Every structure is written in structure tokens, then in C-alpha cells.
Amino acid sequence: MKKKYIILILAALIVVSSFGIIIKIHPKVSRSSEVIDLSSIKLPEYPLPKGYITKQQAIDIAMRATKGNLHHGQVPKNPQCVLLPRGIGEKILYGNPQPSKDELDEIKKEMPKYGLKIPPDYEEYKKRYEEYQERLLYFVIIDVNRAPDEVTMILPPRLQPPKLIDGKWLTTQDTYAIDAATGKIVGHGYYGIVKHIYPRQ
């Protein structure tokens, strides 16, 4: 039953947003202090085509963006950065699995069962979706101490308050997805309380 609902939701997304695909990294709220340690994973290196930005440039872009949201002289620390195709990065780092080519074909077969029409541009959509998933992104996280007024503007209401540092600062990790070809930030959010340690690359 759960699989049918997933298929319906994915199919509806394909119909409604054939060409409107964007990445959004949503803030994840944890109920208690938690560390997600992925340091035991060894990632392959991905060769960069000429003209793509370097890892250090991606870190600099993320650090500038983070500093722009701080107003009490804090210094962001411990930037971590990995270069991955979008689909792989979202799956490994954010636990956000995307459908594979075969799963997209399976969704297409299932759509008529639920009274959903297959868009005439489905094959073009599928091709663009695959290119979208293979695009190289830098995934960057940065440790940040925020004042309470800097957090409440961005983080949603929660049952568990953020973790205080010395009764004044709040622990957060900024997350960025940066297009390696253009240097544009294509995804941003942040984690309160939970701390991520990225894989080695």
C-alpha cells in the first residue's frame, strides 16, 4: 500500500513539474544532540572539466553566504566539502533517495492504473532528469554559532529548543549545494543540534 502512495506521489510530481525541477535542502530538526558520522566512507574523486570551480572556491562561496547572515562577529568554523553528482550526494549526505532510470520507467507503467496520463514529453523529461541527477555539485557544511535572534528568523517552530553554548549561542550547521560549473548556490538550509561529519574524499 505504501509503495502505491509513493508511486502516485512521484507520478503526480512528474506530471505537474515536468520541467520545474529544483533542489531544496530543508532544515532538519533533531530532538536531541546527534552526530551523523560518515567519515568511514571513502568517496571517489571526480575529474572537473575546464572552467569549473575548485573545492576551495566552493568553500569560500559558502563561507561568504554564511557570514552574511551573522551579526554578532561570529566566525564560521570547520568547513567540510565533497564533490559529488547531485543524485549520489543527496542520497548519501541527506538520506534523500531519488528514483533511478528503471524506477522512472516503472512509474510510467504504473501511471495509467491510477488514471494518470503520461505527458507527451515524458522521454524528454526523463533525459533532463538524468542530466540533472548527474550534474556535479559541491556539498558544503559549516559549523556556526548563532545568536538566538539569528536562528528564530530561519528555523521553524520546534518542540525541542536548539542547544545553547554558554547560555548565549546556538549550535547549527549551515548546508550548501553549489553548482561546480557555475559557482551558484542551488540549495541551502541548516541543521540545528544535529552535527554531520562528511565522508573522506
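## A helix pair and the nonpolar interior

In this predicted model, helix H4 (residues 101–110) and helix H5 (residues 122–134) pack at an angle of about 155 degrees, and their axes lie 11 Å apart. Axes here are lines fitted to C-alpha atoms, for helices over the stretch in contact, and angles run from 0 to 180 degrees between N-to-C directions. That angle makes H4 roughly antiparallel to H5, a term applied to angles over 145 degrees. The contact (heavy atoms within 4.5 Å) is made by Lys101, Leu104, Asp105 and Lys108 on the H4 side and by Tyr122, Glu123, Lys126, Tyr129 and Glu130 on the H5 side. By class, the residues of this contact divide into 3 nonpolar, no polar and 6 charged, where Ala, Val, Leu, Ile, Met, Phe, Trp, Tyr, Cys and Pro count as nonpolar, Asp, Glu, Lys and Arg as charged, and the others, Gly among them, as polar.

Residues are numbered from 1 along each chain as its sequence is written. Local features need pLDDT of at least 70 and side-chain atom pairs count only at pLDDT 80 or more, while totals for chains, interfaces and linings use all residues, and side-chain values use heavy atoms, with hydrogens and water left out.

Leaving aside neighbours within four places in sequence, isoleucine 178 is in contact with residues including Ile53, Ala58, Ile61, Tyr138, Val140 and Val186.

Proline 148, which lies in helix H6 (residues 148–151), is partly exposed, with a relative accessible area of 39%; buried means under 20%, exposed over 50%, and partly exposed in between (1.4 Å probe, protein chains only). Proline 148 and lysine 168 are 20 residues apart in sequence and 7.6 Å apart in space, C-alpha to C-alpha.

Overall, the protein chain comes to 6 helices and 7 strands, these being DSSP runs numbered from the N terminus (helices H or I, at least four residues; strands E, at least two). Of its 201 residues, 40% count as buried.

Key. Angles under 35 degrees count as roughly parallel, over 145 as roughly antiparallel, 65 to 115 as roughly perpendicular and the rest as oblique.
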